[in-house]
Amino acid sequence: MNDQAFTPSADFTRDAHIDIATYDRMYKASIADPEAFWGEQGKRLDWMQPYTTVKDTNFTLGEVSIKWFADGTLNASVNCIDRHLKTRGNQAALIFEPDDPGAQAQSITYRDLHRRVCRMANVLRDMGVGKGDRVIIYLPMIPEAAYAMLACARIGAIHSVVFAGFSPDALGARINGCDAKVVITADYAPRGGRKTPLKSNTDTALLHCKDTVKCLMVRRTGDQVTWIPERDYDYNELTLEADDYCKPEEMNAEDPLFILYTSGSTGQPKGVVHTTGGYLVYTAMTHELVFDYHDGDTYWCSADVGWVTGHSYIVYGPLANGATSLMFEGVPTYPDPGRFWAVCEKHKVTQFYTAPTAIRALMGQGPEWVDKYDLSTLRVLGTVGEPINPEAWNWYNDHVGKGRCPIVDTWWQTETGGHLLTPLPGATPLKPGSATLPFFGVEPVVLDPHSGQEIEETKCEGVLCIKDSWPAQMRTVWGDHERFEKTYFSDYKGYYFSGDGCRRDEDGYYWITGRVDDVINVSGHRMGTAEVESALVAHQKVAEAAVVGYPHPIKGQGIYAYVTLMHGEEPSDDLRKELERWVRSEIGPIAKPDLIQWAPGLPKTRSGKIMRRILRKIAENDFGSLGDTSTLADPAVVDELIENRMNRD
Ligand code: 6R9
């Protein structure tokens, strides 16, 4: 191990769940005999009908099928709530910290959670929702978002959470995509001192949906909203009358728990399907071991429940473990850049999990915002969403962790359900910028992108694939199993293809180098360049658009759009602003291009394919080595684009 590695302190390791010797032993056992290993881990849950089979998976193209614990039955909400009532009924399950720092925080005990979830489940049942039906959840980061997810799980409905920052169009596409019966929303979503009109967005979305879709609205701010009596249901009123107990549905381990839409390299976002048993076993286990969670801890993941991180590591993993999980409605910089640390101090947070983009943004505001607060309760820090640059890692370590707190850099994806590459804080020596080593049961391989062969040498670079299944792996794309097979199993036969490139160093540590497909990572959020392009060309003045990522100091990657206007349209700053607004309204604020370059023409091959490699280079301001341009139909186009490039850093 080279001397830049940070070895966990003896103090930390003494009380940690896993030390390095245990990691090595358990890892080997998990790979040698996954049946036995996961058969044992499955006992973390309460099963209604115990499983007799463990692993039944096949990565062969044309026959891809993934099943875990397939004959067991259980209910996820019972595992996250009911089974804790005897021992921890009065312990906080959720701590809610509202956007407004002056407003009262709330502590929701496991007993409260049980009552709230049962009531919401009864309301949904009364609205006609049953086992297998789909429910869209479009809510702010309020406890009701967790109640809604668990209420669906209780009655066997499949939830699909849509991030509250998405536009009515994006919401409507998801409602239709999974043919949802109900949308659960709120009047408004307060965030960073502003309010997003969720109900009115929902009203707009529903104009383009079947008229049988119902809307259940939670009052968050109490502001006026439009009300359509036959369609709209008032959560606050209905839960007053609802029964405190709702009998949980007995679900098969392989029944879908949720669908979560995520961006891919082509076309429309795909509905990633996760099922009940394996997902819950895996998220519970990773939550406990990766964050070294112990009874009495207060764990905080600052993600939004609209992303997979919120599903696995705010709601399901922590609650399956009977943990106390903090939910934060706000943003890191409101009312000032000290908010994260004020919340850590106020609630005596022990584990804090956030994204590199947030760390970089706060780093830029100076250490004085951190230094004001007492962060002595913190024990473990985590990051997720994108590679963390060593400078941000060191700042996080020095100023937030005071050099005492291991940093777990967790690599995983919506598709993987839980952490795949990650340190264990009492075990793994850390290297800033590396997601280090695989979790139990995970066999990463690096393939040569050209030959598709596994690279045997320890030190190497290539594409990251996983050799065999793990329990929280996605099972299919909602309604399109062929797309599932094609996206993840067809480029490299017999492997799960992650879409990421990586490097493995001499110690066997993994370093993610970023996406190798047309997905960009903006502030830790995935965005398909094709999605932004189709939004742009939907504008009447746009003839053609090509979108690529470029390095951005805070966001990791920024969105760079090359736009060719319709004949007769003139470029102007007003039009640029109009296009920015347009993309915001088509997809959401996270998709707004950072730079728009007017392109009289785009570099194309003679067969008409846009040469993105060249556009990426120009956007990166690295046009010295454009590589082979001989296949271009009109090489002069490139000189024009270089001449007028927008990124000159
Ligand atoms: C959990 C989540 C997945 C993509 C993934 C990769 C990037 C996530 C990372 C990371 C480097 C890490 N990514 N964690 N890259 N280091 N620790 O983010 O899911 O939104 O589906 O994004 O994010 O490129 O492929 P998702």
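This is a predicted model: local features need pLDDT of at least 70, side-chain atom pairs count only at pLDDT 80 or more; totals for chains, interfaces and linings use all residues.
How far is an oxygen atom of the ligand from an N or O atom in the side chain of Asn-521? I looked it up and found 3.4 Å, which falls inside the polar-contact cut-off (a pair of N or O atoms within 3.5 Å). While there, I noted that the protein covers 96% of the 540 Å² of accessible area that the ligand has on its own (Shrake-Rupley method, 1.4 Å probe).

Residues are numbered from 1 along each chain as its sequence is written, and side-chain values use heavy atoms, with hydrogens and water left out.

Next I checked other ligand oxygens. I found 2.9 Å to an N or O atom in the side chain of Gln-413 and 2.8 Å to one in the side chain of Arg-515.

Then I looked at the shell. I counted 17 residues around the ligand, the closest being Asp-409, Thr-410, Thr-414, Asp-500 and Arg-526 (a heavy atom within 4 Å). Helix H12 (308-320), strand E20 (407-410) and strand E25 (510-515) each give at least two of the shell residues; helices are DSSP runs of H or I with at least four residues, strands runs of E with at least two.

Last, I visited Glu-620, in the loop between helix H20 (612-619) and helix H21 (636-643). I see that Glu-620 touches Tyr-550, Pro-551 and Asn-647, leaving aside residues up to four places away in sequence (contact: heavy atoms within 4.5 Å).

Definitions and conventions
A polar contact is a pair of N or O atoms within 3.5 Å; within protein, one must be able to donate a hydrogen and the other to accept it, and residues adjacent in sequence count only if both atoms are side-chain atoms.
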